[in-house]
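Hello,

Here is the structure I said I would pass on. My notes follow below it.

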There are 2 protein chains.
Amino acid sequence: MDYTYRQILKWGDKREEKVDPLMIKVIREKFDLKDSDFETKYLSGSQPVILEKPSSLKPHQLDFFKRLAGDENVQSDDFSRAKFSCGKFYAELLDMRLNLVPNPPDAVVSPKSFDELVKIVEYCNQEGIPLIPVGGQSSVTGALQAPQGGIALVLTKHLNKIERINTANKTVSVQAGISGPALEEELNRHGFTCGHFPQSFEYSTVGGWIAAKGAGQASTGYGKIEDMVVALKVVTPAGVIETKEYPRTAQGWDIFRLFIGSEGTLGIIVEATLNIHNYRPQNTSYASFIFKSFEQAVAGMQKIIQCEYGKPHLFRISDPDETDIAFKTKGFDNSFSDRLLKGLGFLPGKRSLMFVAVEGEKDFTKFVLNKIKRTARKGKAMYIGKSPVKKWIDQRYSSAYMRDPLMDMGIMSDTLETAVTWEKLLKVWYAAHTYVNKRPKTVLMIHISHVYESGANLYFTFLSPMEKGNEKNDFADFHKGLVDTIQENGGSLSHHHGVGRVLAPWMEAHLGRSSMAVLDAVKKHFDPNNIMNPGGTLGLK
Amino acid sequence: MDYTYRQILKWGDKREEKVDPLMIKVIREKFDLKDSDFETKYLSGSQPVILEKPSSLKPHQLDFFKRLAGDENVQSDDFSRAKFSCGKFYAELLDMRLNLVPNPPDAVVSPKSFDELVKIVEYCNQEGIPLIPVGGQSSVTGALQAPQGGIALVLTKHLNKIERINTANKTVSVQAGISGPALEEELNRHGFTCGHFPQSFEYSTVGGWIAAKGAGQASTGYGKIEDMVVALKVVTPAGVIETKEYPRTAQGWDIFRLFIGSEGTLGIIVEATLNIHNYRPQNTSYASFIFKSFEQAVAGMQKIIQCEYGKPHLFRISDPDETDIAFKTKGFDNSFSDRLLKGLGFLPGKRSLMFVAVEGEKDFTKFVLNKIKRTARKGKAMYIGKSPVKKWIDQRYSSAYMRDPLMDMGIMSDTLETAVTWEKLLKVWYAAHTYVNKRPKTVLMIHISHVYESGANLYFTFLSPMEKGNEKNDFADFHKGLVDTIQENGGSLSHHHGVGRVLAPWMEAHLGRSSMAVLDAVKKHFDPNNIMNPGGTLGLK
């Protein structure tokens with residue numbers, strides 16, 4: 001059996017294999033596709049993987065890793081090196097389809113224990129071998145590339161255990177390589193949930209959540225990952241940092257917070273203690289609303305989050321473009337109810353969906369949902385039942401898997417996201433649409449999915465036909481313009497995807513020189529020889 | 001008029017002038033005092049302030065500050081230097097009474113503007129003059145001492161303005177020298193509250209809250225200060241750090257968090273943007289409960305906070321010793337109700353008070369309070385009405401002012417606090433009582449006042465007759481033993497007082513060498529010449 005690029009660019013998830021017929025219809029319409037566009041897969045990546053760059057590890061170095069971790073835990077073949085050379089950023093997938101592997105590691109090593117991992121860090125530090133910690137490989141920021149080669153250090157194979165569920169403290173201690181589903185399943189069995197469900201949940205790890213500073217779909221209630229971490233154990237070239245489990249402290253600034261968002265540049269997160277929550281899905285209360293405009297939906301959302309009567313856990317608005325696509329792909333477009341909505345003034349191109357789910361104790365979820373319903377109605381929303389949000393939840397991880405079938409059809413798609421205060425939110429939203437509208441046959445869907453009293457996250461998904469023969473530059477230019485637009489209008493560089501190598505060029509302008517110098521200084525302390533995920537991540541060297 | 005030590009050791013608050021007769025009765029009884037102990041003030045500190053250490057500033061240096069800030073904003077007389085040489089730590093007050101000023105600054109400077117402040121930092125960095133930022137001087141950790149002399153930099157005189165109340169974002173931007181009451185008053189006028197009410201509130205500043213990583217009495221609902229800060233502007237010897245206002249980000253680790261708990265060692269916090277809340281005191285719901293034991297009260301509190309039905313804002317338990325003193329000083333002891341309680345099995349020496357207040361939208365506060373009542377009753381508590389907690393709130397800042405009249409009677413008193421997980425909480429509580437009980441005629445009152453799903457804060461107040469003639473060493477030994485006891489049993493070094501110079505000796509053992517090295521490295525980056533609050537704070541040089 002050949003090992004092809006195509007095996008790498010796909011998740012291996014069956015949801016990638018076909019696109020829903022209604023979605024096909026929308027795509028055909030939006031992008032003016034012909035039958036022939038569906039006959040062959042564009043840039044299918046079906047060729048066997050062959051790397052140009054040989055592994056630059058010396059034989060004695062490779063031997064070291066094999067002796068330490070065992071032959072079965074060290075790979076240096078082309079396919080393994082290619083597979084661990086990237087995450088799931090659009091440009092990385094495009095490279096695979098173009099048979100390009102620009103930044104492969106020299107080998108892939110899966111340590112069996114904490115002690116082995118410490119020895120690997122010490123050895124790499126002595127030998128000057130780069131180390132790139134790898135979790136679920138769902139990074140969309142180029143954070144897993146190995147431009148200077150080195151070792152892709154895989155934590156998922158062995159360092160993936162739950163160490164303790166502490167029912168008194170409502171915390172769980174895990175090894176960082178554990179996957180979201182494995183953690184959640186075990187917690188559920190004990191009556192708990194982690195409360196952290198990023199879209200990448202099914203192919204993500206706790207270490208990745210922390211390193212990339214992620215947010216889950218229920219973050220409005222449970223917080224982002226930085227609200228969940230109680231203690232960390234991290235192996236750095238400057239030694240092991242292990243913090244203790246306290247509910248809060250005032251013993252100087254919190255050292256463990258340096259690693260939340262560090263993206264592998266300071267050390268390897270090997271253990272984490274997280275807050276957990278009661279698992280009572282039967283208590284969750286759901287509501288879906290429709291507003292006549294995005295502006296009204298945003299005003300309603302702002303009001304709901306600022307009222308101080310308890311917060312929803314899941315809280316989303318889709319802007320008119322996303323709402324229209326949702327109506328079409330769910331077969332709701334032109335249904336009886338749709339015609340009714342139109343008659344009531346909820347018009348395509350204007351109307352915006354809002355989804356709410358409240359978790360917790362039974363009376364509480366009912367209470368908060370009722371308050372939200374009242375506020376939403378005052379804000380001119382129409383309640384449209386539980387079922388739309390429940391349907392959304394049923395397929396909430398799926399849309400990520402659609403990217404590869406879309407690419408097979410010659411369509412580029414990517415997502416960007418930003419955090420912005422209420423004051424500037426509509427400005428960023430409007431500017432992004434204005435920018436994207438300049439490109440022909442391009443769809444931009446925006447939603448708000450993580451909500452705070454002071455502002456929210458805007459999440460951008462764009463789809464556009466590839467410029468055939470110039471796919472890479474075309475994407476890079478378009479992507480750059482969108483990031484610029486968000487930045488110039490007051491959005492943050494990221495709310496939860498992280499920075500990686502993709503957004504790194506914006507870091508200094510964004511943070512300012514004196515703040516970048518702080519990142520450099522901390523990096524220098526933990527990693528004086530620059531072996532930890534070197535070569536651009538976070539705008540570091 | 002003479003300027004005496006006594007003027008420094010007191011807050012100047014009229015509540016310091018006399019002690020409540022019921023409290024006198026308790027003190028007389030507990031410490032076996034005679035009438036003569038009340039006749040003269042012990043170590044009254046009524047002598048005029050005369051410093052042994054002359055100011056070590058050179059004339060041209062003093063001139064620089066005077067030219068820059070104006071004569072009226074630069075003081076180098078003995079009284080001013082003594083006044084700004086300390087906070088309100090017991091040992092500092094004792095020094096004043098013994099006419100000792102071990103660590104005075106060389107001068108006191110109050111810059112009029114941000115630009116002046118930047119010039120002062122630049123100049124001091126060039127000249128190697130230490131800078132100690134001063135807020136409300138309510139520090140109880142020795143963080144304001146100037147063991148290497150230098151400038152006490154006062155922000156309260158000029159840099160004390162509200163810059164903007166942002167009603168869209170529910171944030172306020174202020175200069176760091178603003179006092180708690182000034183901020184709160186203006187916010188209230190606009191329908192908001194800061195939600196941060198440390199016991200030192202009346203004599204504290206926003207800069208101090210942040211630098212010392214404080215917590216307010218409503219922190220269970222509103223969070224600690226680190227949950228409130230959205231953005232900071234800080235002047236450091238390495239340049240100005242200014243972060244932008246975003247609800248959340250994932251653009252690397254958060255640089256502004258380094259300054260929360262930095263205690264003046266990295267730079268001077270000059271501006272802060274904080275989340276604010278709706279001010280609707282008429283909505284607040286109150287409840288007081290009594291439990292038959294501290295263990296039952298703790299179990300009830302843990303249950304309430306872990307149920308996920310909304311949290312109280314104020315949430316406290318007094319342990320049996322604190323409960324007994326509260327009964328006595330409120331004149332409740334042996335009242336009809338007290339006898340009733342005893343008859344029902346709520347016995348002195350065992351029973352524990354719980355206070356609850358829920359803030360927010362009206363229905364919400366009622367809803368949450370009802371849930372809490374139900375949980376508390378299931379946990380065998382008896383509801384004893386609103387009035388005890390309301391009375392407590394009326395005098396919630398007062399007990400701090402009692403320390404000086406107690407010292408006048410020859411009684412030492414101090415407070416310590418720690419954060420600890422539920423798992424270890426009773427162990428720390430028990431160990432602290434066991435330690436203190438070894439000292440004759442000593443009272444230890446413990447309460448829990450900041451509550452998290454994973455644990456809580458334990459707050460210790462002790463009172464004991466001074467060992468006359470050996471006051472300093474006696475206190476230091478006793479204090480050290482209590483800190484050791486807390487640490488050894490799993491409590492953090494501090495939950496919200498901070499570390500300062502008093503707890504600094506425990507830092508390395510507590511954090512570990514590799515974590516202390518991180519503090520050192522960050523310090524070195526921001527302050528290579530070690531001018532920012534040098535000489536021991538946080539365990540730094």
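Helices are DSSP runs of H or I with at least four residues, and strands are runs of E with at least two, numbered from the N terminus. The model is predicted: local features need pLDDT of at least 70, side-chain atom pairs count only at pLDDT 80 or more, and totals for chains, interfaces and linings use all residues. Residues are numbered from 1 along each chain as its sequence is written, chains are lettered from A and ligands numbered from 1 in the order in which they are written, and side-chain values use heavy atoms, with hydrogens and water left out.

One helix in chain B

Gly331(B), which follows α13(B), has a positive phi, near 70 degrees. The helix itself spans residues 320–329, and seven of its 10 residues are buried (under 20% relative accessible area, 1.4 Å probe, protein chains only). Among them are Pro320(B), Ile325(B) and Phe327(B).

The interface of chains A and B

Each chain brings 86 residues to the contact (heavy atoms within 4.5 Å). The buried area is about 6,500 Å², with 55% from carbon and sulfur atoms; this is the accessible area (1.4 Å probe) that two parts lose on being put together, summed over both. Arg248(B), Trp253(B) and Glu308(B) supply 13% of the area that chain B buries against chain A, more than any other three residues.

There are 16 salt bridges across the interface (a side-chain nitrogen of Lys or Arg within 4 Å of a carboxyl oxygen of Asp or Glu). In one of these, Asp227(B) pairs with Arg248(A), the closest N and O atoms being 2.9 Å apart. Helix α21 of chain B, residues 513–526, gives the most to the side of chain B that touches chain A, with nine residues.

Regards

Definitions and conventions
Buried < 20%, exposed > 50% of the residue type's maximum accessible area, 1.4 Å probe, protein only.
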